Amino acid sequence: MSRFSLPKMTWRQLNMSTLSTPLAFIIEFFIFWLLSPEHRFTDPRILADIAKLTRDLVVVALGVGILMIAGDFDLSVASVLPLSSYVFAQLLIAGLNPFLAFLVVIPFGAFLGLINGVLVVRTGLPSFIITLSTYMFWR
């Protein structure tokens, strides 16, 4: 076995904790397929729409996941994302090039996150309280 190859798992090493997420996904997929009218849930257009909708949430979930691994969490992300989307839409309505609007909105969202970080560090309050407050403020 080379030093870069992954060890092979035996059936004995697999337990419910390693199988629970894929199993839950398969069960949910089957339930949605079963309950959808005329079993349209597996239609390629529907699956493509689901994939389009989830990519934004995946980016946000990755950031929140990293924060949770670090031992904190951010509640304000639920209002920073829509606020940034609103600013982006307003820039497009004003006639700004979409690429330039994107270049404006990314630092805008990062600045809102910076405000959260500075408030947590400077006040010493738990991130739960700060991000809950900024969540309500941005709304």
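Helices H4 and H5 pack at an angle of about 140 degrees, with their axes 9 Å apart. Here axes are lines fitted to C-alpha atoms, for helices over the stretch in contact, and angles run from 0 to 180 degrees between N-to-C directions. The two helices H4 and H5 are therefore oblique to each other; angles under 35 degrees count as roughly parallel, over 145 as roughly antiparallel, 65 to 115 as roughly perpendicular and the rest as oblique. H4 passes H5 in a right-handed crossing. A crossing is called left-handed if the near helix is turned anticlockwise from the far one by less than a right angle, and right-handed if clockwise.

This is a predicted model, in which local features need pLDDT of at least 70 and side-chain atom pairs count only at pLDDT 80 or more, while totals for chains, interfaces and linings use all residues. Residues are numbered from 1 along each chain as its sequence is written, and side-chain values use heavy atoms, with hydrogens and water left out.

The protein chain as a whole has five helices and zero strands, and its pattern along the sequence reads α-α-α-α-α. Helices (H or I, at least four residues) and strands (E, at least two) are DSSP runs, numbered from the N terminus. Of the 139 residues, 12% count as buried, where buried means under 20% relative accessible area, exposed over 50%, and partly exposed in between (1.4 Å probe, protein chains only). The chain exposes about 11200 Å², and carbon and sulfur atoms supply 74% of this area. Among contacts between residues at least 6 apart in sequence, 45% join residues at least 24 apart; contact means heavy atoms within 4.5 Å.

To return to H4 and H5, the residues that meet include Leu112, Ile115 and Leu119 from H4, and Ser127, Ile130 and Trp138 from H5. By class, this contact of H4 with H5 has six nonpolar, five polar and no charged residues. Ala, Val, Leu, Ile, Met, Phe, Trp, Tyr, Cys and Pro count as nonpolar, Asp, Glu, Lys and Arg as charged, and the others, Gly among them, as polar.

Serine 127 lies in helix H5, which spans residues 127-138. Is serine 127 buried or exposed? With a relative accessible area of 10%, serine 127 is buried. Apart from its neighbours within four places in sequence, serine 127 is in contact with Asp72, Phe73, Val120 and Leu132.

Helix H4 also packs against H3. The axes of H3 (residues 77-93) and H4 (residues 98-123) come within 9 Å and cross at roughly 150 degrees. H3 and H4 are therefore roughly antiparallel to each other, and their crossing is right-handed. On the H3 side the meeting residues include Leu83, Val87, Phe88 and Leu91, and on the H4 side they include Ala101, Val105, Phe108 and Leu112. By class, the contact of H3 with H4 has 13 nonpolar, two polar and no charged residues.

Valine 104 is placed in helix H4. At 41% relative accessibility, valine 104 counts as partly exposed. The C-alpha atoms of valine 104 and phenylalanine 88 are separated by 8.1 Å, and these residues are 16 residues apart along the chain.

The remaining pair to consider is H3 and H5. Their axes come within 8 Å and cross at roughly 30 degrees. That makes H3 roughly parallel to H5, and H3 passes H5 in a left-handed crossing. Ala78, Ser79, Val80 and Leu83 in H3 meet Thr134, Tyr135 and Trp138 in H5. By class, the contact of H3 with H5 has five nonpolar, two polar and no charged residues.

Note on methods. Areas by Shrake-Rupley, 256 points an atom, 1.4 Å probe, with all protein chains shown as cover.
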